[in-house]
Amino acid sequence: MKKLLLLSASCWLLVLQACHQPTDKAYALMLKGLYKGTVRVLQPRELEAILAAGEEKPLLLDTRQPEEYRVSHLTGARFIDFEKFEVAQLQEVPKDTPIILYCAVGYRSERVGEQLQEAGYTNVRHLYGGIFEWVNQSKPIYDDQGATDRVHAYSKAWGVWLQKGNKVYGKE
């Protein structure tokens, strides 16, 4: 089902690009099919405002794979490997802590968010569109050396949704 949805959305993306229409509508359609709506979403502009505020910062969790995180991530993000994640990894985090999760497009972060909510965490959200939407909206990303424009695009199929930044594939 997910492959069919991705194929359908990719076809729409090509049609929109051929007609010189914005791809954000096709991306939104694809995300609507991927998201269950079980974890509240946070728009990139909202996260940007939270991170810029002088208030207490939320716990920002990157739920991608290690090679994706190494290529780039949001400033201040803590890496948790989606494939190895266990709620016990966050046992020191109070249940009412604001937690914001992200991955490439939001599927994996929503799954981790579900686990956190089931464990009693009460202030969990995930970034709408993931790091792809963050970069597509020209928001900054970083690696170990500082600001970068490189983004791990996960795969060529998923990379079609990344409209800005320098796409990286495979192990880095």
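Predicted model: local features only at pLDDT ≥ 70, side-chain atom pairs only at ≥ 80, totals over all residues.
Q: What is the relative accessible area of Tyr 154?
A: Tyr 154 has a relative accessible area of 37% and is therefore partly exposed. Buried means under 20%, exposed over 50%, and partly exposed in between, with a 1.4 Å probe and protein chains only.

Q: Where does Tyr 154 lie, and what is its phi?
A: Tyr 154 lies in the loop between strand E8 (150–152) and H7. Its phi is near 70 degrees, a positive value in a residue other than glycine. Helices (H or I, at least four residues) and strands (E, at least two) are DSSP runs, numbered from the N terminus.

Q: Pockets next: how much space lies in the largest one?
A: About 220 Å³ lies in the largest pocket. Of its 14 lining residues, the closest to the centre are Val 105, Tyr 107, Arg 108, Tyr 154 and Trp 158. On a 1 Å grid over the protein atoms alone, a pocket is an open set of points where a 1.4 Å probe fits, with protein on both sides within 12 Å along at least five of seven lines; lining residues have an atom within 4 Å of a point. Points are joined across faces, edges and corners, and the volume is the space filled by probe spheres set on them.

Q: And how many aromatic pairs are there?
A: The whole structure has three. In one of them, the rings of Tyr 27 and Trp 161 have centres 5.6 Å apart and planes at 40 degrees, so the pair is tilted. Rings of Phe, Tyr and Trp (its six-membered ring) pair if their centres lie within 6.5 Å; planes under 30 degrees apart count as stacked, over 60 as edge-to-face and the rest as tilted.

Q: Which parts does that pair tie together?
A: Tyr 27 is in helix H2 (residues 24–34) and Trp 161 in the loop between helix H7 (156–159) and strand E9 (166–168), so the pair ties together parts that are 134 residues apart in sequence. Tyr 27 and Trp 161 are buried.

Q: What is the mean pLDDT?
A: The mean is 89, and 85% of the residues reach 70 or more.

Conventions
Residues numbered from 1 in each chain as written. Heavy atoms only, no water. pLDDT = per-residue confidence, 0-100.
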